Amino acid sequence: MNKRFKRVIQPGFRLYFLVMLIFTIVTFFFDPRVFAAELLILGILFYYYRAVNRHRQREIMRYIENISYHVDTATKDSMLNFPMPMVIVKLDSGEVIWSNDRFNSITGEHDHLFEMHILDVVPGFDTRWIMEGKTECPYEVSIGKRKYTVFGSVVRSAEGGMRGLLGTLYWMDTTESAEMRTEYALSRPVVCMIVLDNYDELMKDTSYPVQSSLLASIDSKIVEWTAQTEGILKKYERDRYLLVFEERFLPKLVETRFSVLDSVREIVSPTNMPATVSIGIGKDDPAFKGNYQQATLAIDMALSRGGDQAVIKNHVTFEFYGGRSKELEKRTKVKSRVMANALAELISDASNVLVMGHKLPDIDSIGAAVGIMCAARKRQRQCRIVCDTDQQSAELLIKRLLQFPEYEKAFISVQDAMLMADNHTLLVVVDTNRPEYAESQELLQACTRVAVIDHHRRAATYIEHAALNFHEPYASSTCELVCELLQYIVDTPDILRCEAEALLGGIVLDTKNFSMHTGVRTFEAAAFLRRAGADTLEIKKIFQSDLQSCIRRYEIIKEAQMYSGNIAIAAVDSPVDRIIAAQAADELIDVIGVEASFVLFSSGDTIVASARSLGKVNVQLIMEKLGGGGHMMNAGAQIKGETLETVRARLIDTIDVYLKENPQQ
């Protein structure tokens, strides 16, 4: 402060006396006596000013010292009597340097807190956030039964470097606000919709007293299950219930994996049909309306996946529980007729039609596309099938179709399809409902009018806002669904023989020669195609393979190992044709004692998994955990950026979780 005083005061002081001295010297030439008097006065003034200046400097220094003393005293007093708990720690080692009484009080350490590690006082507390430049701890810290928000600042001591960094931590008690926040989260509304899947089937061919008894038993199971939620249950239709409860009860329902699914399934009709229910839950929206909309989406998802399961819908994604039983075949054809009329109108209103299946399309995908092309030809609309003919698993079928004049230019690339599409183009997606599995997501996004026809169980991601969505997971194949539509759109003579054989080939592929996943309508579709001229011998030729493929298929089977007694897993660390791998998975479940089979193989930077089941093990749920999907008896997945061993380990872990959740399997 003394140097600063000289810098500010002395320049003005020098200038003042310099001017006075000049005037005094000038006076000497006029009157020496006046000069002597002025010089004496100037000297006296100079001496007086210097004396006053020194006195002022001493006063200023005394004032500064007094202020510094009071500031230090106030600082020390503030630290000791700070109203919040406060502690100073070394950031490099976590050693406690100092703490006030309030911090000692909340930690219960009064005698030996100093030289202790902060983790000894507050277990699990991490100070990295303060070294990252943050002033507030990103998480709440618990000490005993209290919760604290921790603020901090960095102080550099005389040691320098990391050893010289000290952290001053201030602890704000936020227990009450945390409890209020927790209570708000737990008391948020949850809307649950419960649907009796097979009401019509249960009531069919049963007397009124039996019907009343069945419904009373189902109502009793549902009421008993919902009682634990302390919510409001209302039956608003003959087969639908609405339940509203607080979110605090949802974890218990999830923990028991929605036990009402199993308890209701124990109720069996006189025709030996078990009752099943589907549950859709909407959550995370602050309003009842938003949760109701999400519950509606969840129940639609559960029903589209075959029913007998629970689906939770939040703002981000879906969560699935249950879904172990087979899909129930619906015997009414009303929906098929309505969908057929809607598809016919969409085709008639379109400028042209594009049909697209999933990537690496199989016979079911190509056969369904051929059926749509037949319907478009009947409506006199140009139709093209979007398919990469160099990468597909239906080579023999495509080669056979190309021999017919109607199909010489039927197959086009994605690039040509993008050029062909306009605002009035109808894009029909077959054999998949997931946008990432479609032949081209860009084409899907470019077309404004989309129709979806698929039989796979719906996953968390699906094609939304479709103009027509014919999705029936009970169907054996997409070709079966297309056959049902064709019966209402075209006459039997309008179907070419090659088209009938392509459709029947798709059914044969997905049903494993009518041995799996077949229903009454599967055989009705096959009979319709036989009347249209399909030759089973020609279909058998479509599935023929050469000798090398047969050898390679059995080499894959040779690599299979049994896991958990009834599951076969084959991991092949060499390039494998996808068709051969799928055929190997099919043949593995023909082995006695095998309930499910999994074949893993590499395809570039992707590990591909093919899964098959006889129905006891739901391979769809297992494949969904790996990012795939499909049916409970036929599913697959594609995992990028991982090794074969890593995927195999993940598969085994997923199987273990599935078996733990379903011990009876």
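A residue counts as exposed when its relative accessible area is over 50%. Aspartate 349, at 53% relative accessibility, is therefore exposed. The views below all come from a predicted model.

**Figure 1. The whole protein chain.** This predicted model holds 24 helices and 23 strands. The protein chain has 665 residues, and 47% of them count as buried. Its accessible surface comes to about 33600 Å². Carbon and sulfur atoms account for 55% of that surface. Take the contacts between residues at least 6 apart in sequence: 64% of them join residues at least 24 apart.

Figure 2. Aspartate 349 lies in helix 12, which covers residues 334-349. Its relative accessibility is 53%, so aspartate 349 counts as exposed. Arginine 381 is 32 residues away along the chain, yet the two C-alpha atoms are separated by 9.3 Å. Glutamine 380 sits in the loop between helix 13 and strand 13 (383-386). Glutamine 380 is exposed too, because its relative accessibility is 69%. Serine 348 and glutamine 380 are 32 residues apart in sequence. In space, their C-alpha atoms are 8.0 Å apart.

Figure 3. Leaving aside residues up to four places away in sequence, aspartate 364 touches Asp431, His455, Ser477, Thr478, Cys479, Gly506, Leu509 and Asp510. Leucine 504 is 140 residues from aspartate 364 in sequence. Between their C-alpha atoms the distance is 8.7 Å.

**Figure 4. Helix 13 against helix 18.** Helix 13 spans residues 363-378, and helix 18 spans residues 497-511. Their axes come within 8 Å and cross at roughly 150°. The crossing of helix 13 past helix 18 is left-handed. Helix 13 brings Ile363, Asp364, Gly367, Ala368, Val370, Gly371, Cys374 and Arg377 to the contact. Helix 18 brings Glu499, Ala502, Leu503, Gly505, Gly506, Leu509 and Asp510. By class, the residues of this contact divide into seven nonpolar, four polar and four charged.

**Figure 5. Helix 17 against helix 18.** How do the axes of helix 17 and helix 18 cross? They come within 8 Å and cross at roughly 140°. That angle makes helix 17 oblique to helix 18. From helix 17, the contact uses Cys479, Glu480, Val482, Cys483 and Leu486. From helix 18, it uses Ala502, Leu503, Gly506 and Ile507. Seven residues of the contact between helix 17 and helix 18 are nonpolar, one is polar and one is charged.

**Figure 6. Helix 17 against helix 19.** Helix 17 covers residues 478-489, and helix 19 covers residues 520-531. The two axes come within 9 Å and cross at roughly 60°. Helix 17 and helix 19 are therefore oblique to each other. Helix 17 passes helix 19 in a left-handed crossing. On helix 17, the contact residues are Glu480, Cys483, Glu484, Leu486 and Gln487. On helix 19, they are Arg521, Thr522, Ala525, Phe528 and Leu529. Sorted by class, the contact of helix 17 with helix 19 has five nonpolar, two polar and three charged residues.

**Figure 7. Phenylalanine 514 and its backbone angle.** Most residues other than glycine have a negative phi. Phenylalanine 514 is not a glycine, yet has a positive phi of about 65°. Where is phenylalanine 514 found? Its place is the loop between helix 18 and helix 19. Phenylalanine 514 counts as partly exposed, because its relative accessibility is 26%.

**Figure 8. Asparagine 272 and its backbone angle.** Asparagine 272 also has a positive phi, of about 65°, although it is not a glycine. The loop that holds asparagine 272 runs between helix 10 (260-265) and strand 9 (277-282). With a relative accessible area of 63%, asparagine 272 is exposed.

Definitions and conventions
Residues numbered from 1 in each chain as written. Predicted model: local features only at pLDDT ≥ 70, side-chain atom pairs only at ≥ 80, totals over all residues. Heavy atoms only, no water. Axes fitted to C-alpha atoms, helices over the stretch in contact; angles between N-to-C directions. Helix = DSSP H or I, 4+ residues; strand = E, 2+ residues; numbered from the N terminus. Parallel < 35°, antiparallel > 145°, perpendicular 65-115°, else oblique. Left-handed = near helix turned anticlockwise from the far one by under 90°. Contact = heavy atoms within 4.5 Å. Nonpolar A, V, L, I, M, F, W, Y, C, P; charged D, E, K, R; others polar. Buried < 20%, exposed > 50% of the residue type's maximum accessible area, 1.4 Å probe, protein only. Areas by Shrake-Rupley, 256 points an atom, 1.4 Å probe, with all protein chains shown as cover.
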